[in-house]
Structure formats: structure tokens, C-alpha cells
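Subject: Structure handover

Hi,

Here is the structure for you to look through. My notes follow below it.

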Amino acid sequence: TGHDWGYGVEDGPSLWHQNYPIAKGSRQSPIDILPQTASHDPSLGPIALKYDQCTSINIANNGHSVVVEFEDSDDRSVIQGGPLDNPYRLKQFHFHWGGKGCRGSEHTVEGHSYASELHLVHWNAVKYETFGEAATAPDGLAVLGIFLETGDDHRWLHTITDALYMVKFKGSVTNFKSFNPKCLLPSSLHYWTYLGSLTTPPLHESVTWIVLKEPIAVSEKQMSKFRMLLFTGEEEDQRMRMENNFRPPQPLKGRKVRSSN
Ligand SMILES: NS(=O)(=O)c1ccc2oc(NC(=O)c3ccccc3)nc2c1
Ligand SMILES: [Zn+2]
């Protein structure tokens, strides 16, 4: 039991359909984004991130990624506007990344992938009682995707990379209070948006994706700290470095990608 899926040869994305048939569904994520094909939709307003009273709780290694969880008992941290009809509450954020010098983003832009991708996961608490309920509804989740490219040091990412040694092993969790992810946003909030899914099992087709066009820069040294995390637990003798934890682009199946201005 535990995790019946991973990113290896024996349990990777091409095999997920065996336990999760929706992997071959009609609105799977990620996708390859073609900016020229994305329709510019003037009715698409700007997105608003109201993260001012942001309260992070902890940082954890769940065996697939490193996740920072938030207090979501009220509307203190929400995303709204853009394609969204309601405010969606921030639940957690996590990353996907590659191996040394390799690419690791999930969404790609005209076949170009970035070093990493940050996902800020939000749920529709107006229509649904719990995250779990929202996660199975077609309008239940909104995930903000931000590309990370290697370049200069990111001055605020240090807060996260300095904590990674404390969650090296699968199943480890540690306090991580009052981190506000607003500091991880690029200067422009221009975005692409489309209807998709969770990019890991259970692959629920419940996500309105909002992918920012402008990447943030992080240093190779900062990226290398993600790679010292392990997929495996402290008790396991086979130590497996956590890297290449990304799903490749999935068929668009007729979906339209819209572009903010
Ligand atoms: N790569 S992804 O598409 O953003 C993605 C993929 C799979 C996910 O499963 C969850 N579950 C919770 O956050 C959760 C948090 C608390 C309680 C229950 C669930 N978030 C996900 C985001
Ligand atoms: Zn993700």
C-alpha cells in the first residue's frame, strides 16, 4: 500500500493508467502550451492573489515532492478573478523539478521546458465543504503554476531551500510558520488558463489551471538543494534521490487554452 505510483521505470507516468484509468481522460494535465494558438480573451480579467494574512503551517516530504501546507479554515489566503467565478482558498504549494542541469517543469511552452515548476494549490470553499470534496469536482480546484528558470539566486527561495535538510526523508515534516508565497511571484501576472487535472494520481479532472507566462529565476545551487531530498523513507535501505518528479505533457483533446492580455 502506501504509494502505488512514482516516477521510476516500474511505477512512472506511462504506467499510472493501470491504477488510475482517468490518466487517459479528456482533460489531463500538464500540457504543452502554444502561445500563438492560445486565444486572447478580452473577457479574462486579471487574477488577484490575496495572500496578505498568509499562514503557512509546515513543510513536508510526501515521497513525491516537498509541500508547504497552509491554514485554510477561512478566506485569509485566496486567489480570485481571471477565469474563476469564486475565490479559491490556498491549501498548499509544492514543486516539480529535473535532474542536474536537466529540465523538470510539467507544463512546457512550445516544447520548451523549464528547470522547475511551482504549484500553488487552491480549492473552492464557496461551493464545497472540504478540499477532498472539491478535488473531485470539475470546478473544485485552481492551481497557479509558476516556472522556475536557472539564473540569479532567488532571495526569498532561501527560506525554503534552507529548510529542506529537515525533510530529507519521505514522511518527514517540520514546522514552517508564516511563509508568504507572494514573495515567489514574478513581476507580471499575465497567464494562460485551461481546464485540466491533478498532474499526479489520483489525476482528478478538477483543476482550472492558471500558468504564469513570466518565470522566476533561481540559482543552480538553490535547485541542487531540492535534489538532496529523497523519494525514500529513513528506514529504507535503497536511497533514491528526489528528482525528475514531473509528468510529461498530455494530449490536448480539443481543449482551448486562453491567454490573459
Ligand atoms: N501537481 S498538482 O496537480 O498541483 C497536485 C496533484 C495532486 C494533489 O493532491 C493534492 N492534495 C492535497 O493538497 C491535500 C492536502 C490536504 C488534505 C488532502 C489533500 N494536491 C495536489 C496537487
Ligand atoms: Zn504539482
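Leu203 is buried, at a relative accessible area of 0% (buried is under 20%, exposed over 50%, partly exposed in between, with a 1.4 Å probe and protein chains only). Its place is the loop between β12 and β13. Strands are DSSP runs of E of at least two residues, helices runs of H or I of at least four, both numbered from the N terminus. Phi of Leu203 is near 60°, positive in a residue that is not glycine.

Please note that this is a predicted model: local features need pLDDT of at least 70, side-chain atom pairs count only at pLDDT 80 or more, and totals for chains, interfaces and linings use all residues. Residues are numbered from 1 along each chain as its sequence is written, chains are lettered from A and ligands numbered from 1 in the order written, and side-chain values use heavy atoms, leaving out hydrogens and water.

More on the backbone. The loop between β12 (191-196) and β13 also holds Pro202. The peptide bond from Pro201 to Pro202 is cis, with omega near 10°. Another cis bond joins Ser29 and Pro30, with omega about 0°. Pro30 sits in the segment before β1. Asn244 has a positive phi of about 55°. Asn244 is in the loop between α3 and β15 (258-259) and is partly exposed, at 32% relative accessibility. Most residues other than glycine have a negative phi, and most peptide bonds are trans.

The largest nonpolar core has 47 residues. Such a core is a set of buried Ala, Val, Leu, Ile, Met, Phe, Trp, Tyr and Cys residues joined through side-chain atoms within 4.5 Å. Ile59, Val66, Phe93, Phe95, Leu144, Ile160 and Phe226 touch the most other members. The largest share, 5 residues, comes from β7. Beyond its neighbours within four places in sequence, Phe93 is in contact (heavy atoms within 4.5 Å) with residues including Val66, Phe70, Leu120, Ile160 and Phe179. Apart from this core lies another, of 21 residues, among them Ile33, Ala38, Tyr194 and Val207.

Overall, the protein has 3 helices and 15 strands. Of its 261 residues, 53% count as buried. Residues 24 or more positions apart make up 72% of the contacts with a separation of 6 or more. The C-alpha atoms fill a box of roughly 55 × 40 × 40 Å along the principal axes.

Best wishes
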